[in-house]
Each structure stands twice: as structure tokens, then as C-alpha cells.
Amino acid sequence: MKHLGKKLVACACALALTGSMAALAACGGNGENDEVRIGVLVSDVSGEEAVSFRNYYTQYIAEQYNVTFTYTEQLNDSASEIAAIEQFAGQNYDAIISLSANDRASQAEACEEAGMYYAIASGMDDTIYETYKNNEYFVGQIGPSMSTEYEAGLAMGEYYADKIEDSVAIYGAFIPNPMHVYRMAGLLTGLGATYGGATGEAIVGAIFADSGVTASKISLEGKTVSYLAGFGDSTMTEMGTIIATDPDALLSVGMATTFFSAMLNEAGIPYADIDSFTTSNAANMQSGTLEYLAGKYTSSIGPIFAAVYNAVQGNKIENADGSAISISQDYWVATSYEQFEVFQTSDSVTDPIYNKELLDTVIGEDVTYEAFEAFVTTDRTPQA
Amino acid sequence: MEEVLKSRSGDAVKKQKVKNIIIMLLPIAALVVLFAVYVAIILANDYNLAINLETIVNQAIVLVLVATGAIFIFTLGSFDISLGASTLFSATVGILVFNATGSLLLLFLTCIAVAVACSLLNSVLSSVFHLPMFVMTVAMLSVLTSIAGTIITTNSTSAGANPAISVSDSVLRDILGSVDTVWFKVLILALFAVVCIFVFNFTKVGRRQKFLGGNPVCAKMTGIPLSVYGIIAFVMAGIGVGLGAAVNVTYTMSVSTGTASDIGMSVFIAIVFGGMPISGGARSRIYAAIVGGFSYIILNNILNLLLSSVDGRYGYVQIISAVLFLAIVYVASINYRVKHLPR
Amino acid sequence: MGNLINKHQLKNFGVRTAGTLAVPALFVVVIFIICAAQGVMVLTSSSLFADFVCYAAIVTLTTFALSINLGSGRFDFSLGSMATLSAVASAQLTYSMLGGGAGSGIVMLVFSVLIGAVAGAFSGGLYVILRIPPIITSLGVALIFEGITFVLTNGTYIMSEVQNDSMTLFRTQWYLPAVIILVALAAVYFLFDRTKFGYDYKALKEGQKVSINTGIREVPNAVWCYVICGALMGTVGFLQAARNTYISTNVLNFGSISVMFTAFLPMFIGGFIGRFSNDKVGYLLAGLSMSLLNSLFAQLSLIGIIDSSSRAIVEAVLLVLFLIFLNNEQTCRDLVTGRIFKKWAEAARERKAAKHSREDK
């Protein structure tokens with residue numbers, strides 16, 4: 001009986017606790033009536049770029065506009081993406097901005113079913129865009145397109161083509177992620193390499209056909225090429241082996257600044273990556289051996305917010321043919337710390353390039369697609 | 001004097017019975033309370049109740065299907081840590097077959113066949129070579145995840161960050177969409193639960209499995225073959241995994257390397273949340289998986305709603321959820337304390 | 001007589017040495033053959049050797065930690081979360097004190113061990129207070145620790161806190177992880193083989209009820225086991241941070257559990273070696289063997305022969321094969337000596353004879 005009493009007390013406590021929590025939640029209400037609520041799908045919560053994007057939305061944009069951003073936890077598969085969209089829909093959110101790319105098709109369909117606007121703040125596969133571009137709730141996509149990714153790799157390769165004398169190491173990050181595949185194809189082309197006999201954009205198809213890069217298929221005349229990819233228990237040993245061969249440089253299509261910067265800085269091996277203009281990369285460029293960085297900047301996700309905000313306010317911007325927008329954004333490239341510093345100081349969470357003043361020029365009822373496209377494609381690269 | 005003693009012992013038996021009933025009903029009561037709180041929050045905030053309930057079913061269904069089948073394994077006092085990997089692997093093969101044939105029936109049959117085969121492989125290898133089941137399933141977890149990963153990477157149609165096999169044909173997507181409804185999922189669960197309850201409660205299988213789980217030595221001495229009932233348990237678990245995998249495909253229309261990655265562990269939580277001891281035996285119940293699975297998902301959703309504006313909320317949600325989980329298990333096991341530490 | 005004893009001792013010593021070194025030697029031989037066949041080499045530089053020792057330390061200490069509770073029938077799913085939590089908390093604490101300056105490495109190591117021990121005490125304390133099966137407690141504890149790690153970092157990578165010259169030493173100077181291995185080995189050996197605590201542990205492991213009835217106090221013994229596991233996993237967390245040069249902290253929803261699976265194969269190998277010498281020495285030799293295998297995988301990966309998926313399959317198959325061997329030793333021995341065919345023939349003859357006798361009747 002004593003135990004039964006204990007149980008009843010425990011149950012009563014639990015009920016009281018949950019009841020009071022429910023009451024608390026009810027008191028919180030559903031926010032102000034004209035507040036715009038946007039759910040943000042993310043597949044990366046760990047990287048500095050992801051954090052700076054998040055801070056720009058939650059600390060700058062949310063302050064300037066009457067908007068609430070709610071971020072998901074790290075989404076690892078399509079099921080978690082759809083579940084997150086359904087949860088946002090159930091809580092009457094107005095729109096979804098996606099930075100998660102497990103299954104864009106299902107995301108678009110789930111948003112359409114829920115009647116929520118849907119936008120993508122990064123690159124998007126052309127086939128999927130074509131399938132969903134006339135979806136009523138699909139706002140569109142603003143971010144580096146696959147051809148921009150190819151160009152970013154190409155520029156890096158061309159920059160190093162003459163600098164590589166004997167050997168080069170290449171990090172393929174998470175190939176066959178399409179973004180990394182396109183960058184790799186560009187990089188190999190820029191270096192003057194072939195892949196299994198393929199050259200130029202044909203390398204993309206060859207890598208997809210192999211479901212990855214086969215090191216022995218990379219051919220760069222008169223030079224040794226080492227290749228590694230992914231991250232697992234043996235990756236640091238692989239990198240150690242590569243460092244022991246003292247390559248002229250390590251060229252990466254992503255994530256090298258997170259995984260290997262400490263090792264490469266210590267070994268004095270120059271490296272290049274496609275990442276973002278973060279504090280740690282500034283340190284790597286100033287006192288380490290990072291010498292080439294193509295990257296996104298914090299407020300580059302400002303225009304997609306403007307497009308979503310317009311759509312929620314009843315002014316969905318559409319192409320001339322009435323379909324959703326699809327505009328590519330370029331990377332900035334820093335090859336010196338001075339240049340990096342200019343980029344970094346020109347765009348921050350508190351003082352972003354896409355500030356309220358600038359965004360307001362494309363927010364409103366009269367904004368046309370042409371004006372919006374020009375707004376996004378205008379080169380805003382800061383000059384030293 | 002005798003009458004007094006008899007009446008006292010009768011009272012004690014009655015009290016014990018009441019206690020047992022309360023303990024048995026506790027998980028169900030917890031589910032009812034959690035559900036009531038969840039609905040209260042939804043209504044108080046003027047959220048869409050229908051969508052939220054659908055979300056709960058969508059989030060819980062795979063876990064509940066897998067956990068319901070797994071009850072048979074847990075009843076024997078054994079457990080399978082590769083259930084998540086098996087779900088991934090059968091979903092991978094299932095989606096390939098569906099993409100090739102466009103047949104829903106084949107999708108379900110393939111998923112079930114593959115999952116049962118994986119499950120049987122665990123059981124047979126373990127029994128033929130006298131391997132500890134837990135370690136066998138750890139090895140299976142690695143093997144299945146890796147093979148599925150290789151298949152997915154090789155056949156990836158994804159434009160996303162992770163390799164994935166998607167159903168991209170619009171006609172096939174429509175076919176899958178036609179069964180991606182709450183009612184279909186509830187029907188699948190109900191049918192499977194009825195079959196499981198029948199096998200578990202109305203045939204000798206359940207009784208003998210409980211006996212084997214509760215006292216394996218005694219059960220063996222009475223001539224109950226562990227290997228036979230072990231195989232039956234793994235087949236039932238395989239069916240649950242297969243159904244879960246197929247339902248997952250109809251819901252997401254794609255399979256990636258991250259599919260069902262946390263199912264293996266969540267099954268433990270669901271079963272224990274539902275009031276069943278991890279050691280199996282006589283107190284095993286089929287409904288534990290259903291009650292526990294839904295309780296766990298509803299609890300997480302309540303916490304997510306309550307902490308939506310808190311920085312680092314997913315961490316807090318997990319901490320609070322784990323504390324409540326331990327508290328409920330503690331309360332539910334008060335009657336079954338032993339002098340020494342349980343192992 | 002003296003000669004006989006000497007001969008017997010010598011034979012015994014020979015058997016024990018051969019048994020102890022058989023598996024590591026097999027690893028070395030097979031790896032050497034594969035290297036020769038593929039034209040690759042392992043451990044070719046001092047930095048690669050340092051990486052080899054560092055990884056061996058990680059595997060060995062994880063195996064120690066796994067075997068302590070698993071040996072007593074206590075499944076502990078929280079090992080990985082303890083390692084991550086201790087590494088994250090100690091990195092933040094050390095950085096706030098020293099800003100990555102001199103001595104950061106050793107200070108972080110000390111904090112990692114202490115925080116790991118506290119985490120272990122929490123886990124063990126919860127187990128003995130709640131008195132629910134350890135597998136359940138450890139699931140809850142893993143979720144709690146993962147949640148705390150996420151709250152501490154918001155899921156972001158820990159990078160600058162662990163990227164300093166002092167930490168680098170633990171990755172590039174082989175003797176530092178080697179010292180850690182030796183200290184851990186000595187501590188575990190002393191505690192479990194040379195103290196009352198260790199004797200009680202073994203007694204409880206072999207016969208829980210009998211031990212308790214003889215007056216052994218199970219509760220403090222169990223809590224101390226968890227504390228030791230925590231301290232070991234704290235060290236593992238530190239070594240992983242030093243080796244990887246960053247800490248991935250987004251481990252929600254059981255993302256930390258896989259760490260324990262990596263220690264199963266070395267635990268069984270170590271247990272086998274332990275029959276001929278000491279199980280702790282066995283775990284060390286198994287850890288070294290696994291690290292050598294990791295070095296081989298790295299070289300094969302660089303030439304595109306193996307990837308992470310095939311590596312996982314190879315390791316799982318090795319685990320199953322070794323377990324098959326362990327659980328069917330007599331059959332394996334008979335298979336090697338050819339005795340199994342004789343046995344089969346005898347069994348067939350007996351069946352035949354029995355059949356004839358039935359037919360005669």
C-alpha cells in the first residue's frame with residue numbers, strides 16, 4: 001500500500017507538471033496575428049557556415065521584420081524532413097525555407113499538401129526544379145546552381161594548374177553528393193586532368209557512373225595525384241600518409257577546413273577549399289597555410305527570405321512563364337588574408353550586405369521578377 | 001483463528017491483484033494523460049489538431065510496427081540490435097523492386113521477405129554456431145548497414161547531400177501516395193497487432209516463449225526447444241520490420257543511408273515505456289510496443305512544443321524525455337525489486 | 001624430477017607465449033601478405049606510427065571500459081556519450097582557462113578523466129538507486145549525456161578549443177598515447193587483479209548471489225566499476241579529440257552508441273588471449289592488432305581498394321568468424337587435425353549398425 005501511495009503521488013506530480021506546462025504553453029498563445037512564422041529545415045547544425053546563416057536569420061532578420069524562424073534539429077533522412085514539415089504545418093507556420101537536401105521532391109510535395117510556401121536556400125537539381133516549378137506553393141531557389149559549383153571547382157583548378165610542380169592531393173569530401181561531384185569535375189578540368197579519359201563536364205557523368213571517384217582513373221600528366229574522401233576511423237591515417245609525401249597542395253571540394261586544417265597548417269602544406277568566410281578560416285589564412293577559399297557569405301540567404309516574405313504577404317514573385325524563381329548565386333574567392341578580411345568585415349550578422357534597407361527594395365507588392373533577378377545577380381563582391 | 005488468517009491472506013491476494021492491475025494499466029494511463037496534454041496544447045494554441053494527429057501517426061508507425069514484432073524476441077529474454085539496419089536493408093531492396101515493377105504488393109512482399117531472411121540469418125547463424133545473439137546482431141548491424149549503404153550509393157538518384165534511392169516517376173509516386181494515408185497505416189498496424197496478439201495469447205507459442213524467457217532452464221527441461229521458438233520469434237520480428245520498411249517507403253518515397261537509423265534503439269525505449277520488462281518472460285505483452293511507441297513519440301512532441309523558443313531545445317527535449325522515461329520505468333518496476341542489483 | 005618440472009614449466013611457458021602472441025602474429029602476417037600483394041606499406045613514417053599508437057590507445061581503452069561492465073552482464077550503451085560529453089566539457093573548460101596556451105593538452109586530459117569519472121558515477125549511481133536493468137539505465141543515461149552535450153554546444157563543432165600545439169603533441173608524439181596506454185593498463189591491472197575491490201568484482205561476476213551472501217558489498221563495487229569506465233571513456237574522448245582535431249557534438253538520438261560496437265572484436269580477441277596470459281594484456285594486444293588493421297585499411301583506401309562500407313563488412317565478418325571459432329573450438333581443432341572426418345565416419349558407422357540391428361530385430 002505504501003508503494004501504491006508512492007505511485008499515486010508520482011502520478012499526481014506528473015499530471016500537475018504536465019498540466020501546468022500545458023497551461024503555460026496555452027498562455028504563450030500563437031504569437032501576434034500578423035507575425036510571419038517560417039520553419040527552417042537544416043541537415044547541418046554543426047558547421048560555422050550553418051551557425052552564421054542561423055544567426056543572420058534569428059538575430060538580424062527576425063529583429064528587422066516581424067518574423068519568427070524555427071530551426072529543426074539535424075535532419076538525416078527524408079522521413080525526418082517530411083515529419084518536420086508536417087509539424088510546422090500543424091503549428092500554422094506560413095512557410096518553409098530548406099537548407100536540407102535529403103529529398104527535395106518529397107519536401108515540395110509535403111509543403112504543397114500542407115499549403116505552406118516552400119523555398120530552397122541553396123542549389124537545386126534541374127530535374128526536380130522542372131518537376132515542381134509550377135507548384136502553387138513553391139517559391140523557388142536561390143543559391144549556387146550546379147554549373148556554378150562546376151565553375152567554382154574550375155576556378156580553383158585553374159588557380160593551381162601552374163602551381164603544382166610534382167604532386168597534388170585532392171579531397172573529394174562526400175562524393176557522390178552532386179554538389180561535390182560538380183566541383184570535383186570542375187577542379188580536375190581546371191588542373192588539366194582527365195578522369196578515366198573523360199574531360200570537362202563529361203567528368204560529372206563518369207563520377208556518377210562510378211558512384212564516386214576512383215583514384216587510379218585520375219590522370220594529370222607528369223604529376224602524382226593522391227585522392228581521399230569521406231570521414232571515418234582511417235581518414236586521419238590517410239591524411240597522415242598523404243602529408244608524408246609532401247604534396248605541393250591539397251585541393252578540396254569541401255569540409256577540409258573543418259577536418260584537416262590543423263594537420264595541414266602544422267605540416268606547412270598549402271590548401272584550398274570551398275567553404276565559407278568564417279573566423280576559423282580567417283585564422284587559417286592569416287597564420288595557417290590556407291591560401292585559396294571560395295565561399296558563401298553570411299547574408300547570401302537574404303534574397304530567398306525576401307522572396308518567401310513576399311509570397312506570404314501575397315506577392316509571390318514568378319518567372320515570365322509563371323513558374324517559381326530559380327536564380328544562381330556566385331561564390332566569392334579569397335586568395336589572401338587581406339582580401340578575406342575585406343569580405344569578412346563587409347558582411348556580418350550585425351551589419352550584413354543584405355541588410356533591411358537593401359532587402360526592402362525587393363519587398364512589396366510592386367516588385368517584378370526582372371527587378372528581383374537583377375537584385376540577386378548584381379555583383380556585390382566587396383572590393384579592397 | 002483460521003478464518004481470520006484466511007480472510008487476511010485473501011485481502012493480501014486482493015491487494016496484490018489490485019496493485020498488479022494498476023501497474024499493468026500505468027503505461028496505458030500514461031499514454032492517455034500524454035495524449036490529453038498534447039491535445040490540450042494543440043487546442044489552446046489554436047493549432048491544427050488533424051494535422052498534428054496525423055503527424056503523430058506518421059512519426060510513430062514504423063517504430064511501433066518494428067517494436068510489435070520485436071516483442072517476440074524480447075519475450076525470450078533476447079534482443080536484436082540490428083532491427084534498424086534490417087529496416088534500412090529491406091526498404092532498400094523493396095524500393096528497388098517497386099521502381100522496377102510499380103507493384104505495391106511486391107513492395108510489401110519483398111520488404112517482408114528480405115526482413116524475415118535477415119532475421120532468420122541472425123537466428124540460424126547464432127543457433128548453428130552457438131553464437132551469443134546480442135553480438136551476432138551487432139555484427140549484422142554493421143553488415144546490413146554497409147551493404148544497404150553500398151546499394152544506395154551505387155543506385156543513388158538523389159540530388160541531395162546524402163545518397164538516396166527515390167521513386168521519381170510521377171505515376172509510381174501517385175501509387176505510393178494513394179496508400180500514404182493514416183487509415184491505411186492504422187489498418188496495417190491493426191492487422192499485424194491482431195495476428196501478433198493471436199499468436200502470442202491464443203496459441204502455445206506465446207505461452208512457451210514466456211516460459212522460455214522467464215525460466216529458460218526449466219522450460220528446456222520440460223522439452224520446449226528454444227531454437228524452434230527462437231526462429232518463430234525472429235520470423236515475427238522480421239514481419240514487423242518488413243511492414244515498417246514498406247510503410248516507410250510509402251511515406252517518404254525514398255530510402256537513404258540515414259533511413260531508420262535510430263529505430264534499433266528506440267525499440268528498446270518503446271517496449272520498456274509500454275510497461276514490458278526488458279528481460280521478457282511472463283510479463284511480456286504485445287500492446288506494450290504500441291502503447292510505448294506512441295507514448296514516446298507524443299512525449300517528444302509535447303516537449304518540442306513546450307520548448308519551441310528555447311535555445312538548444314533539442315538537447316533539453318532529449319534530457320527531459322530520458323528523465324521521464326527512467327522515472328516511468330522506475331515506477332513501473334517498483335513491484336519487482338530484488339535484493340541484488342539487476343543484470 | 002627437477003628436469004621434469006623445468007620441462008613442464010618450459011612447455012607451459014611456450015604454450016602461454018604462443019597462445020598470447022598467436023592472434024597478433026596472425027594479424028601481422030596477414031597484413032604483411034596483403035601489403036606485399038597490393039604494393040603498399042604501413043607505418044612508414046614517425047607521424048604514422050604516432051597515429052597508430054594513438055588509435056591503439058583509443059581502441060584499447062574503449063575495450064577496457066566495455067569489458068568491465070559487459071563481463072558482469074551489465075550492458076552499457078552510454079560509453080560513447082560519456083566520451084563525447086567529457087571531451088566537450090573538458091575542452092570548453094580548458095579553453096576558458098588557458099585559451100589554448102601551453103599545457104592545454106595535459107590539463108584537458110586531467111579534466112576529461114575527472115569529468116568522465118563523474119559521468120560514470122552518475123551512471124552507476126542511477127543504476128544502483130533505480131535498480132532497473134543496466135541496459136535500460138544506460139539507454140536513459142546515453143540520452144541524457146547526449147542532450148547535455150548538445151545543450152553545451154548547440155550541436156556545433158568544437159574546433160579552436162582543441163586545435164593547439166599542446167594537443168597536437170598527443171597526436172604527433174607516439175610516446176604520449178603510449179604512456180596513457182601503460183598507465184591505464186597498470187591502473188586497470190592493479191585495480192582488478194591486485195585489490196580487494198578487484199577480487200570482489202571477480203566474485204560478483206562469477207556468482208552474484210553467493211558473493212552477496214558471503215558479505216561482499218555489491219553496490220559500491222558496481223558504482224566504482226562505472227566510475228572507472230567513465231574515467232577510461234573520458235580519456236578516450238580526449239584522445240579522439242586530439243587525433244581528429246575537432247569534436248563532433250551533434251550526437252542526439254543515440255548518435256554516440258556506435259563507439260561501443262568498435263570494441264567488441266578486440267574484447268573477444270583480448271578475452272581469448274587472456275586465457276594464456278592476462279585479459280588486460282589481451283585487450284592491449286588486440287587494440288594494437290586493430291590499430292594495425294586500421295593502418296592497412298587507410299593504405300588500401302588510398303589506392304581505392306576499400307571504402308568505409310567494405311571496411312565495416314570486413315570487421316563484422318572478422319567478428320563473426322572469431323566468435324564461431326571461440327564457440328566451436330573443439331570442432332575447429334578437429335577440422336584442422338582431420339579428426340572431424342574420422343568422427344563423421346564413426347558416427348555414420350554407428351548409424352548404419354543401429355539401422356542393421358533394428359532391421360534384424
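Me: How many bridges join β11 to β12 in chain A, and which way do the strands run?
Reply: Six bridges join strand β11 (residues 271-276) of chain A to strand β12 (residues 290-296) of chain A, and the two run parallel. Strands pair if DSSP finds at least two bridges between them. Strands (E, at least two residues) and helices (H or I, at least four) are DSSP runs, numbered from the N terminus.

Me: Which residue is the bridge partner of A:Asp275?
Reply: A:Gly295, in β12(A).

Me: What kind of model is this, and how is it numbered?
Reply: The model is predicted: local features need pLDDT of at least 70, side-chain atom pairs count only at pLDDT 80 or more, and totals for chains, interfaces and linings use all residues. Residues are numbered from 1 along each chain as its sequence is written, while chains are lettered from A and ligands numbered from 1 in the order in which they are written.

Me: Back to the strands. What is the order of the six in the open sheet?
Reply: The order is β9-β6-β10-β11-β12-β14 in chain A, with mixed pairing. β9 (224-228) and β14 (332-334) of chain A are the edge strands, each pairing on one side only.

Me: How far are neighbouring strands turned against each other?
Reply: By 20° on average, direction ignored. Axes are lines fitted to C-alpha atoms, for helices over the stretch in contact, and angles run from 0 to 180 degrees between N-to-C directions.

Me: Is β6(A) largely enclosed or open?
Reply: Strand β6 (residues 167-171) of chain A is largely enclosed by the rest of the structure, because four of its five residues are buried. Buried means 20 or more other C-beta atoms within 10 Å of the residue's own; exposed means 12 or fewer, partly exposed in between, with C-beta atoms placed from the backbone.

Me: What does β6(A) pair with?
Reply: Five bridges join β6(A) to β9(A), in parallel. There, A:Ser167 has A:Thr224 as its bridge partner. β6(A) also pairs in the parallel sense with strand β10 (residues 249-252) of chain A, over four bridges. A:Ile170 stands opposite A:Leu251 in β10(A).

Me: And β5(A)?
Reply: Five of the five residues of strand β5 (residues 138-142) of chain A are buried, so β5(A) is largely enclosed by the rest of the structure. Three bridges join strand β4 (residues 117-120) of chain A to β5(A), running parallel. A:Ile120 has A:Gln141 as its bridge partner.

Me: New topic. Which residues touch the most other members of the largest nonpolar core?
Reply: A:Ala119, A:Val308 and B:Ile271, out of 353 residues. Such a core is a set of buried Ala, Val, Leu, Ile, Met, Phe, Trp, Tyr and Cys residues joined through C-beta atoms within 7 Å. Helix α2 (residues 46-70) of chain C gives the most, with 16 residues.

Me: What is A:Ala119 in contact with?
Reply: Leaving aside neighbours within four places in sequence, its contacts include A:Ala95, A:Ile97, A:Val139 and A:Ile304. Contact means C-beta atoms, placed from the backbone, within 7 Å.

Me: How many residues of chain A are in contact with chain B?
Reply: 40 residues of chain A, against 44 residues of chain B. α1 (2-28) of chain A gives the most to chain A's side, with ten residues.

Me: And between chains A and C?
Reply: That contact takes 26 residues from chain A and 30 residues from chain C. α9(A) gives the most to chain A's side, with six residues.

Key. Two residues are in contact if their C-beta atoms, placed from the backbone, lie within 7 Å.
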